[in-house]
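Colleague: Hi! Could you walk me through this model, one piece at a time?

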Amino acid sequence: MTSALPFEVSEFEQLLRKPNSDPTGFAGFFNSGEVWVARVPARLDVMGGIADYSGANVCEAVLGHGMLMAIQARTDRTLRIRSAQAGARSLPVETRIPLDYFMSGGAVGNYAQVRELCHANPISTWAAYIGGSIFTLLKEESVELPYGFSFLLLSAVPMNVGIGSSAAVEIGTLSCLNAYLGLNLDGARIARLGQMAENHVVGAPCGIMDQIAVASGRESKLTHILCRLGAIVGEVEIPPGNGFVGINSMVRHSVAGNAYGNVRIGAFMGKKIINEIRAKTGRAALNYLTEISSAEFKAEYEKEIPETILGSDFLSRYKTHDDPVTTIQPDATYRVIGPTRHPVAENERVLQFISALKTAKTGDEKALIAAGELMYGAHESYRDNCNLSVPEVNFLVEAVQKRGAKAGLYGAKITGGGTGGTVAVFGQISALKEHIPQIAVEYSRRVGQMPDIFEGTSPGAIEFGAKRYAFGAQGWKRFDV
């Protein structure tokens, strides 16, 4: 880990140490009791994206900025939750959740009740990420909280731009409580609980990629994750002199939106159709689409899968698509072949990409170019198979592609759930420093505002650990946990 504190931690400490008379500090939110802190980076989806829920291999990076979560125990049974933006001055947002709202008949309630609670007031639905994570911990780990907590979320990244901000909030909440309560949950379990909170309380049908990446990713490394196991395969070295940055298209996206959910439904429909074909020939059902190769898919299944299908027609024939976190609407028409084809091919692209990066460590520029071409291929599949790109994102990818390898830019692609969000760019560090600002200016003329550029690297939540702050004669002092 670098010796310098991450930006969010430095700002938190500055605000924490402001005198009680300064209302811009945290004296009015925290008392002189201990404060526990976790810090989680944003992630850059380098390769893999929406193939995660189909069990694919993915390759993820951790970015330089992220979010900080701070908690302090209370004397009542209330969760007080405040969200604030780091950096530029902004107005904080706050809500409260009585812990008893998570209970039903003297026991921990169910996900449906808590989901309804968190979404009943549109003004406070953002708190579902924190409240949902707390409830999931109570539900799945049988944790008992005799008192509430004050939660402070200090974020240095915007929400809904495709860099894993929602996962960072979930993992930050769980990491803080894990440290404070001494639960000794490992990164894999924390990631799974975060995904459950997002699936069952927030209502976003995401895979586990983001949660693993921000929990267990490491500074200056790419993380190779096999999503069907929910486990890290290993770390991938970034070839010397090269790096990755993100450009925000300024088109907000959400994995809770219809476009993302409909593509997921289409992929699960395709798997159901494939499994019916396999059953007729006495073969075991697939648990994940990515258990088959592109060659097998093309040879045996591609011609049997429809381009589109009406929800009611699919339900009439197959009864269910076997996905617990999405619901088929009978009157909706779903694309099936494209969303089914994408994860099968993307899984192979990811493995080829990782292999190319390993070859490029020896200085082989052909391998760098090959890795970049795989990123372009991933973007084209998002665009053509899944219909999850937008013109603004295509503009950014094409701006990188026009400059190309001769300028030191090797590849670019849409990230995460698509339909806007951030574009990942791969190239020589010197080329990124020269050309990304130029592309940002070109893009600003198209959309009327300068896009955010996400760069740098920082520790994942587990690598960063937890910090404890205690108030004494010399003011607030930080201790590593």
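Colleague: Which residue in β16 does W36 stand opposite?

Modeller: W36 stands opposite R468 in β16. Keep in mind that this is a predicted model. Four bridges join β1, residues 35-47, to β16, residues 466-472, and the two strands run antiparallel.

Colleague: And is β1 buried or exposed?

Modeller: β1 is mostly covered, with 13 of its 13 residues buried.

Colleague: How many bridges does β1 make with β2?

Modeller: Ten bridges join β1 to β2, which spans residues 57-73, and the pairing is antiparallel. As an example, L44 has A61 of β2 as its bridge partner.

Colleague: Which residue of β8 is the bridge partner of A61?

Modeller: That is L222 in β8. Five bridges hold the antiparallel pair of β2 and β8.

Colleague: Okay, changing topic. In what order do the strands of the open sheet with β10 come?

Modeller: The order is β13-β14-β10-β15, four strands with antiparallel pairing. β13 (409-414) and β15 (453-454) are at the edges with a single partner strand each, so one side of each has no neighbour in the sheet.

Colleague: How many bridges link β10 and β15?

Modeller: Two bridges, in the antiparallel sense, with β10 covering residues 242-248. In this pairing, G246 stands opposite F454 of β15.

Colleague: Which strands of that sheet does α11 touch?

Modeller: α11 packs on the sheet and touches β10, β13 and β14 (422-428). The direction of α11 makes about 20° with that of β13. Helix α12, residues 391-403, lies across β10, β13 and β14 as well, running at about 170° to β13.

Colleague: At what angle do α10 and α11 cross?

Modeller: The axes of α10 (residues 337-360) and α11 (residues 365-384) cross at roughly 160° and come within 8 Å. An angle over 145 degrees counts as roughly antiparallel, so that is how α10 and α11 lie to each other. Their crossing is left-handed.

Colleague: Which residues make that contact?

Modeller: From α10 they include H342, F353 and L357, and from α11 they include L368, M375 and Y382. By class, the contact of α10 with α11 has eleven nonpolar, five polar and two charged residues.

Colleague: Last one: how far apart are the axes of α5 and α6?

Modeller: The axes are 8 Å apart, and α5 (residues 187-202) packs against α6 (residues 209-216) at an angle of about 140°. That angle makes α5 oblique to α6. The crossing of these two helices is right-handed.

Colleague: And who meets whom there, and of what classes?

Modeller: G187, A191, G194, Q195 and E198 of α5 meet Q211, I212, A215 and S216 of α6. The contact of α5 with α6 has three nonpolar, five polar and one charged residues.

Terms used:
Residues numbered from 1 in each chain as written. Predicted model: local features only at pLDDT ≥ 70, side-chain atom pairs only at ≥ 80, totals over all residues. Heavy atoms only, no water. Buried < 20%, exposed > 50% of the residue type's maximum accessible area, 1.4 Å probe, protein only. Pairing = 2+ DSSP bridges. Axes fitted to C-alpha atoms, helices over the stretch in contact; angles between N-to-C directions. Parallel < 35°, antiparallel > 145°, perpendicular 65-115°, else oblique. Left-handed = near helix turned anticlockwise from the far one by under 90°. Contact = heavy atoms within 4.5 Å. Nonpolar A, V, L, I, M, F, W, Y, C, P; charged D, E, K, R; others polar.
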